[in-house]
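Biologist: Before I rely on any label attached to this chain, I would like to hear the cut-off behind it. Please show me the structure, and let us then take the labels one at a time.

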Amino acid sequence: MGGVIALLAAIRRPSLVTHLVLTVTSGGIDISDLAAHDWRPAFVEANPTLPRWFTDLRLDLTSAIPSITVPSLLLWGDADPISPVAVGERLAALLPQSHLQVFPGGTHDLGHVLAKEIAPLIASHIGRLSLEELLSDIQNALEIETKSSVQEVLSWAASTLTVAAISSK
């Protein structure tokens, strides 16, 4: 879902999006031919109060994705049954300025499990000099006391969000 939202932002408000990072997402493309496991039934069962639109929404952004011209970093695990590497490869083919990074053994929770490996890639992608600088900026912006707390926040965010770097215009 986060990948679809990030892509929609880049498609509908291109002047506001400077970089895109997608992590193990369906990306608003048809993945029925890519051997992806359908996560929706188990998710609905585990979350019975979830609004139906969350699992029922099916957008096909395939024709609009090539219009996204910002640098795009695609982070995938090669052991993810929900969003197999073939999904990342298809998105990489659609996004003109993309780089696909595949993590051996990575599953759908790779943002959480591999946060320390992924954070520097994201920092580099959005043009930061170092992970330390990124952590310091976040620490100051959120008024968090320690950098280890910032790393915990980043770990949580990486496991639950797909990031679109949006300019402050």
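Biologist: What happens to pLDDT over residues 158-169, and how many contacts beyond four places in sequence does the model have for them?

Modeller: The score pLDDT, which is the predictor's confidence in each residue on a scale from 0 to 100, stays under 50 over residues 158-169, and the model has 27 contacts beyond four places in sequence for this stretch, where contact means heavy atoms within 4.5 Å. Across the chain, the mean pLDDT is 79, and 75% of the residues reach 70 or more. This is a predicted model, in which local features need a pLDDT of at least 70, side-chain atom pairs count only at pLDDT 80 or more, and totals for chains, interfaces and linings use all residues. Side-chain values use heavy atoms, with hydrogens and water left out, and residues are numbered from 1 along each chain as its sequence is written.

Biologist: What makes a set of residues a nonpolar core, and which residues have the most contacts inside the largest one?

Modeller: The set must consist of buried Ala, Val, Leu, Ile, Met, Phe, Trp, Tyr and Cys residues joined through side-chain atoms within 4.5 Å. The largest such core has 30 residues, and Leu22, Ile65 and Leu91 have the most contacts inside it. Two or more residues each come from α1 (2-12), β1, β2 (72-77), α4 (85-94) and α6 (115-125), with the largest share, 5 residues, given by α1. Beyond its neighbours within four places in sequence, Ile65 touches residues including Leu7, Ile11, Leu91 and Leu94. In soluble globular proteins, nonpolar side chains tend to be buried together.

Biologist: Which residues of α4 are buried, and against what do they pack?

Modeller: In α4 the buried residues are Val85, Val87, Gly88, Leu91 and Leu94, and the buried residues of this helix pack against β1, β2 and β3 (98-103).

Biologist: What makes the pairing of Arg90 and Asp33 a salt bridge?

Modeller: The term requires a side-chain nitrogen of Lys or Arg within 4 Å of a carboxyl oxygen of Asp or Glu, and the side chains of Arg90 and Asp33 meet at 3.0 Å, N to O, so the pair qualifies under that limit. It links distant parts of the chain, with Arg90 in helix α4 and Asp33 in the loop between β1 and α2 (40-46), 57 residues apart. Arg90 is partly exposed at 28% relative accessibility, whereas Asp33, at 52%, is exposed. The structure holds 1 salt bridge.

Biologist: What is remarked on in the phi of Val24?

Modeller: Phi of Val24 is near 30°, a positive value in a residue other than glycine. Most residues other than glycine have a negative phi. Ala35 likewise has a positive phi, of about 60°, without being a glycine. Val24 and Ala35 both lie in the loop between β1 and α2, yet Val24 is buried at 6% relative accessibility, while Ala35 is exposed at 72%.

Terms used. Buried means under 20% relative accessible area, exposed over 50%, partly exposed in between (1.4 Å probe, protein chains only). Helices (H or I, at least four residues) and strands (E, at least two) are DSSP runs, numbered from the N terminus.
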